[in-house]
Amino acid sequence: MTSKMDAFWMPFTANREYKQSPRLLAKAQGMHYWTPDGRELLDATAGLWCVNAGHARPRIVQAIAHQAAEMDFAPPFQIGHPLAFSLAERLVKLTPEGLNKVFFTNSGSESVDTALKIAIAYHRMRGEAQRTRLIGRERGYHGVNFGGTALGGLGPNRKLFGSHVAGVDHLRHTHDLSRNAFTKGQPEHGVELADDLERLVTLHDASTIAAVIVEPMAGSTGVLLPPKGYLQRLRDICDKHGILLIFDEVITGFGRLGSPFAAQHYGVTPDLLTAAKGITNGCIPMGAVFVKQGIHDAFMQGPPGAIELPHGYTYSAHPMACAAAHATLDTYEDEGLLTRATQGGPLQTKFETALHSLEGLPHVVDIRNTGLVAAIEFAPRAGAAPGRRAFDVFLGCWDEGVLVRSAGDNIAISPPLIIDEGQIDQIVSTLAKVIKRID
Ligand code: PXG
């Protein structure tokens, strides 16, 4: 380990192994990264599911530079600035009908905890203060703050931290290799797993449950698509019992599935929707929680001078983030990026066909895809820690000049939405080469 690497405790990283053989990125443009010694890598991960319009887009760069000089910061409590209001107006035009209020945060984790707090407070405002229970789903990822950690369903992310959010329960996950392996698009089987919510209602009573949070398509755990009919059934059960439905769209928001949001793609509208990442194309931290009018209005009851929601961040609606988000939306609009990955369109079809050509290679037990996102699942290596085979594929691709992401036993592919067909071929041929040579 070089002493220059001692001080930085890296997030979600095997620090000791990494510092023995570091991987560094120093420059990015369009579809590519470059290492400090000038080696080019094709970005098949949109950074970390966030650089949806590709890297260093000139409009966004200029907007940030301009805003830094014009007004670097403005306090967000009891004072506003014009870009925040105009951005909110623009964003709610992109969200599904009815989600027409937006609360700004700085990350996906903050969006999740904000949404959970709003859900609990909403019931209290309506005289149902006993509705505090929150339901997540196994294998879900909702960031790393206390609420998101508790509602998340990935064991390793939870076990060190105790249980400090009371009254949390989980639905089962929807992954079923025995029935759904190598499905293109939504799996046929598993709609009945939504009935887990009825079971939890029977167990806890609906009068104790505030909200259910799910990723409409689970990203971090390795791209799990909702079985056909599953999200609608969750919606119906929530409606029946007065439970709020929260979609965590931190990954699926801003075009990943070929619609602005997964809610539109799947035709199911949640009560609250969390976003981050692609909202600024990943270049300035920002998150958002979209809320139905009626939920917002429940807070607008007390004396007009009272602060209705005692919640917010120093950097909520930060001017630089608002400027970056405006320029990002301009870029998405000009280039039609939010619908470029439309299901059945030429790019999505090419992507799907290319990825599924890897079926039959050694150790590949599943391939899943939708929009411009896919996962390849590997059988775990006997006797090794889970995920090592997928991690070796990641390392092999790194050496071959393609950046992919390993997630447990999966490799996830989620390129910037500007990708061309030749670049899809490069990703897939590199994966094939690496998969054939690892054990
Ligand atoms: N919700 C979802 C659905 C996410 O995917 C978060 C919340 C938290 O966002 P922030 O901005 O607080 O990180 C995320 C984040 C991976 C990976 O390896 C995915 C995320 C973060 C880190 C790694 O897939 N998603």
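Predicted model: local features only at pLDDT ≥ 70, side-chain atom pairs only at ≥ 80, totals over all residues.
Two strands pair if DSSP finds at least two bridges between them.

Start with strand 10, residues 287-291. It is mostly covered: five of its five residues are buried. G287, V289 and V291 point one way. A288 and F290 point the other way. Residues on both sides are buried.

Strand 10 has pairings with strand 4 and with strand 9. Strand 4 covers residues 101-105 and runs antiparallel to strand 10, with five bridges joining them. Strand 9 covers residues 272-275 and also pairs with strand 10 in the antiparallel sense, over four bridges.

Individual bridges place the residues. V291 of strand 10 is the bridge partner of L272. V291 is also the bridge partner of K101. F290, in turn, is the bridge partner of L273.

Strand 9 is covered on both faces. L272 and T274 lie on one side, L273 and A275 on the other, and all are buried. Strand 9 also pairs with strand 8, residues 244-248, this time in the parallel sense over three bridges. There, I246 has L272 as its bridge partner in strand 9.

| Strand pair | Sense | Bridges |
|---|---|---|
| Strand 4 and strand 10 | antiparallel | five bridges |
| Strand 9 and strand 10 | antiparallel | four bridges |
| Strand 8 and strand 9 | parallel | three bridges |

**Around the ligand**

The shell around the ligand holds 18 residues. S107, G108, S109, G143 and V250 come nearest. The elements that give two or more residues to this shell are helix 2 (46-49), helix 5 (108-125) and strand 14 (405-407). Helix 5 gives the most, with three residues. By class, the shell has eight nonpolar residues, seven polar and three charged.

**D330 in helix 13**

D330 sits in helix 13, which spans residues 319-335. Why does D330 count as partly exposed? It has 16 C-beta neighbours inside 10 Å. A residue needs 20 or more to be buried, and 12 or fewer to be exposed. D330 therefore falls in the partly exposed class, with its 16 neighbours.

D330 and R59 are 271 residues apart in sequence. Their C-alpha atoms are 8.3 Å apart.

Note on methods:
Residues numbered from 1 in each chain as written. Near = placed C-beta within 6 Å. Nonpolar A, V, L, I, M, F, W, Y, C, P; charged D, E, K, R; others polar.
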